[in-house]
Amino acid sequence: NHAAMKPRLIQLDRADPGAIRDELLRGLRDDPAAIPPKYFYDALGARLFAAITELPEYYPTRTEAAIFARHADAMARLLPAFEALVDLGAGNCEKAARLFAPFGVRRYVAVDIAVDYLGESLDILRRQHPQLDMLGVGLDFSAHLALPAEAGAGPRLLFYPGSSIGNFTPAAALAFLRRARAAAQGGGLLIGVDLVKPVAVLEAAYADPLGVTAAFNRNVLAHVRRVAGADFSLADWGHVAFYNAGESRIEMHLEAVRDVAVRWPGGERRFAAGERIHTENSYKWRVADFAALLVEAGFRDLHHWTDDKGWFGVFLARA
Ligand code: AVI
């Protein structure tokens, strides 16, 4: 029976077009203007991000992968007991799949905002791991982490790689970690975190000479044009990325290269040349500060691994 072999998919949060438009237009009217970074990831944006992870300057993805390749067996020996591996922001499910064997995973719950793309990933995975119990969940986990009952009642290992936690402010990161701890049901958390390092290395990773990150940044305007009806012209905006040492974060902005007026149904805003729209923060943590954040969120029994240069950290903690 082929249908029975299909991984189960559950879509929990359907995007509400009205709420999306309201959120975006509120941000555009703000001073300074801002667009939430989750709008980077339309179909093209997701592909541009995948291209970023291949850039020689963008060290986080390959540095984290090397840490897992080197230490997965050591991690496996320290894991709390768990019934399901819950992958937050699973995408193509590649990172989690590399842990199935060393961690002895029997149930895999892949969570992402859109279940459509997840379905394709899980179909491919199913062929490689026919014994694995799989579930795909469409959920905006930046808003809440209430997983469906189908995810199981036992302890869970939450997996949050890629330093996506860095796109939260420290306060939002703490709130997120508290929710993650509750969702783990007595299991644990395995999380990848980008670390503070020389400014030149950080800035090169967010302003690559090929211009892929610039395209990724500008593409958010095409997405906003589509979903909020704001008539952005991409050529009017330049990519700006710099390290803000006081806040310990990379900031990305789009800067008007001339005076521009942006119109949308029911409103408009003028931007003077040089004025910016804030599109992303990417926080860089120190090991001790991130460990303290985990403890503040209620986690215990912390372990962490880094690469030789200390550029990226993977933390394991018990819920
Ligand atoms: C997804 N997130 C962890 C990336 C980062 O590095 O903050 C997004 C990104 N922005 C620009 N380049 C990559």
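Helices (H or I, at least four residues) and strands (E, at least two) are DSSP runs, numbered from the N terminus. This is a predicted model, in which local features need pLDDT of at least 70, side-chain atom pairs count only at pLDDT 80 or more, and totals for chains, interfaces and linings use all residues. Residues are numbered from 1 along each chain as its sequence is written, and side-chain values use heavy atoms, with hydrogens and water left out.

View 1. The C-alpha trace spans about 60 × 50 × 35 Å along its principal axes. The radius of gyration is 20 Å, which agrees with the value near 20 Å for a compact globule of 319 residues; it is taken over C-alpha atoms, and the globule rule is 2.2 Å times the number of residues to the power 0.38. Of the 319 residues, 50% count as buried (buried means under 20% relative accessible area, exposed over 50%, partly exposed in between, with a 1.4 Å probe and protein chains only). Among contacts with a separation of 6 or more, 69% join residues 24 or more positions apart (contact means heavy atoms within 4.5 Å).

**View 2. Surface and charge of the chain.** The accessible surface is about 14,500 Å², and carbon and sulfur atoms hold 53% of that area (Shrake-Rupley method with a 1.4 Å probe; for residues, only the protein chains shown count as cover). There are 36 positive and 38 negative side chains, and the centres of the two sets are 4 Å apart. Lys and Arg count as positive and Asp and Glu as negative, without His and the chain ends; each charge is placed at NZ of Lys, CZ of Arg, CG of Asp or CD of Glu.

**View 3. Confidence in the model.** The mean pLDDT of the chain is 95, and 98% of its residues reach 70 or more (pLDDT is the predictor's confidence in each residue, from 0 to 100). For the complex, the predictor gives an ipTM of 0.99 and a pTM of 0.95.

**View 4. The cis peptide bond between D31 and P32.** Omega of this bond is about -5°. P32 belongs to the loop between α1 (17-29) and β2 (33-34). Most residues other than glycine have a negative phi, and most peptide bonds are trans.

**View 5. Positive phi at S163 and D301.** S163 is not a glycine, yet its phi is about 60°. This residue sits in the loop between β6 (156-160) and α6 (170-183), and S163 counts as buried because its relative accessibility is 7%. D301, also not a glycine, has a phi of about 50° and is part of strand β13 (residues 300-306). With 43% relative accessibility, D301 counts as partly exposed.

**View 6. I250 in strand β9 (residues 249-256).** I250 is buried, at a relative accessible area of 1%. Beyond its neighbours within four places in sequence, I250 is in contact with L202, E203, Y206, F242, Y243, E280, N281, S282 and K284. P60 is 190 residues from I250 along the chain, and their C-alpha atoms are separated by 13 Å.

**View 7. A50 in helix α2 (residues 43-52).** A50 counts as partly exposed, at 39% relative accessibility. The C-alpha atoms of A50 and E268 are separated by 33 Å, and the two residues are 218 residues apart along the chain.
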